[in-house]
Amino acid sequence: MIRSELMKMKGYTPLDPVDRLGEEANLPPDKLIKLDGNENPYGCSPRVQAALGKLSIYNLYPDPEQKELRNLLSGYAGVGAEHIVMGAGSDELIDNILRVFLMPGDKVINCPPTFGMYQFSTEVCGGSVVNVRRRKDFDLDIPEIKRALDKYTRVIFIAAPNNPTGNPVRPSEVLELLKSNIMVVVDEAYFEFNRVTLAKQVPKNSNLIVLRTFSKWAGLAGLRVGYGIFPKDIAALIMKIKQPYNINIAAQVAATESLKDLTYLWGTVDALIKERTRLMAELKKLDWLTPYPSKANFILCRLADQNARELNHWLRAKGIFLRYFDTPLLQDCIRITVGKPEQMDAVLAALKEFHAQAG
Ligand SMILES: *Cc1c(COP(=O)(O)O)cnc(C)c1O
């Protein structure tokens, strides 16, 4: 009685938890250099820690209408609160969007290499993934996307900047795609590291959705809190079909405190952007790998004459965890999350050591 497409689907490859990584490298978790998940090494705002320490209302259900947060976010994102819905991570909103638009067999345009959740949630929701490969420089192939559209196409996902490649998307390309009648979902998970947004275009377009998250810039990946900016009618529908208490009390308090501590958080974002620039310059000096320009908090590198699997294995034994992709489109690629200066120094030293010993 099980849906046969679920038996066939591959599933998502999630990150290993930090204590498992510690066991693997035989090091305590605080000695690891964990740069595999685009997490924020500076952690969350100290206001979050303080507020959670004082929190004592765990026995009460949280606000199903997410009123305080949506109002605060309205100021942050520059759109009315009626356009905003919170999710348990933007991952949950990807699923909610597909539940709204997909009938069995309907098509979703995915532009690999990209974030794996678009394919995952499409398959879980009974949709069919249509892959339109990015060009060699990882730019979107707009003519091919347009050619792939048919009467069953419902949604296209565009990560801007893209994960794991780091390149931004030209807003004009998105506006071009909006001329079709499919839903265009622009995933701005790395907005704060790029500062280009289409959020203010949402109220003017009936088929544009922008997704954001507190996971990366605000250091709240572990509390699962993200949000979407939707056309008003779609926002109302997502409010209706979402799990009523999807933002738990801790996540609600943490996101609220983050929005009240923007000066601190922008400071950590600025430090990461500065380190991104330095890491890029240093990686460019290594003639055996090619770093791809990035507007996010990570840099993808392609190795020229070494095996990325071996490099990954070698670094892990030293307690340095990067993201290694074992897929045809990302052959011999590793993605380095931008971290603190001392973490970047350690990675650069280890890369040089690896190349020296591998010869
Ligand atoms: C990390 C990431 C997300 C996931 O965000 P959550 O809010 O933690 O679910 C979404 N989209 C992209 C492109 C990401 O890289």
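Author: What follows starts with the ligand, goes on to a contact-making residue in a loop, and then turns to the salt bridges and some other places in the chain.

This is a predicted model, in which local features need pLDDT of at least 70 and side-chain atom pairs count only at pLDDT 80 or more, while totals for chains, interfaces and linings use all residues. Residues are numbered from 1 along each chain as its sequence is written, and side-chain values use heavy atoms, with hydrogens and water left out.

Let us begin with the ligand, which is surrounded by 13 residues, the closest being Asp-187, Tyr-190, Thr-213, Ser-215 and Lys-216; a residue is counted here if one of its heavy atoms lies within 4 Å of the ligand. By type, this shell consists of four nonpolar, five polar and four charged residues, where Ala, Val, Leu, Ile, Met, Phe, Trp, Tyr, Cys and Pro count as nonpolar, Asp, Glu, Lys and Arg as charged, and the others, Gly among them, as polar.

A backbone N or O atom of Ser-90 is 2.7 Å from a ligand oxygen, and for a backbone N or O atom of Asp-91 the distance to an oxygen atom of the ligand is 3.0 Å. Lys-216 takes part through its side chain, an N or O atom of which is 3.2 Å from an oxygen atom of the ligand. Taken alone, the ligand would expose 390 Å², and the protein buries 94% of that area; accessible areas come from the Shrake-Rupley method with a 1.4 Å probe, and for residues only the protein chains shown count as cover.

Now move to Glu-188, which belongs to the loop between strand S6 (183-187) and strand S7 (208-213); helices (H or I, at least four residues) and strands (E, at least two) are DSSP runs, numbered from the N terminus. Glu-188 counts as buried because its relative accessible area is 2%, given that buried means under 20%, exposed over 50%, and partly exposed in between (1.4 Å probe, protein chains only). The side chain of Glu-188 makes a polar contact of 2.7 Å with the side chain of Thr-197, and the side chain of Glu-188 also reaches the backbone nitrogen of Leu-198 at 2.8 Å.

Next come the charged pairs. Side chains of opposite charge can pair when their charged atoms come close. The structure holds 26 salt bridges, each defined as a side-chain nitrogen of Lys or Arg within 4 Å of a carboxyl oxygen of Asp or Glu. In one of them, Asp-150 and Lys-107 meet at 2.4 Å, N to O. Asp-150 lies in the loop between helix H7 (142-148) and strand S5 (153-159), whereas Lys-107 lies in strand S3 (residues 107-110), so this pair ties together parts that are 43 residues apart in sequence. Asp-150 is partly exposed at 32% relative accessibility, and Lys-107 is partly exposed at 21%.

Another salt bridge joins Glu-144 and Arg-147, whose closest N and O atoms are 2.7 Å apart. Both residues lie in helix H7, three residues apart, which is about one turn of the helix. Glu-144 counts as partly exposed at 34%, while Arg-147, at 59%, counts as exposed. Arg-3 and Glu-5 also form a salt bridge, with 3.0 Å between the closest N and O atoms; Arg-3 is partly exposed at 36%, and Glu-5 is partly exposed at 33%. Elsewhere, a network of salt bridges links Asp-16, Arg-20, Glu-24 and Arg-316.

Finally, two residues can be set beside these contacts. Leu-35 lies in strand S1 (residues 33-35) and is buried, with a relative accessible area of 2%; the C-alpha atoms of Leu-35 and Phe-321 are separated by 5.5 Å, although these residues are 286 residues apart along the chain. Pro-14, by contrast, is exposed at 56% relative accessibility, and its place is the loop between helix H1 (4-8) and helix H2 (18-25).

Note on methods
A polar contact is a pair of N or O atoms within 3.5 Å; within protein, one must be able to donate a hydrogen and the other to accept it, and residues adjacent in sequence count only if both atoms are side-chain atoms.
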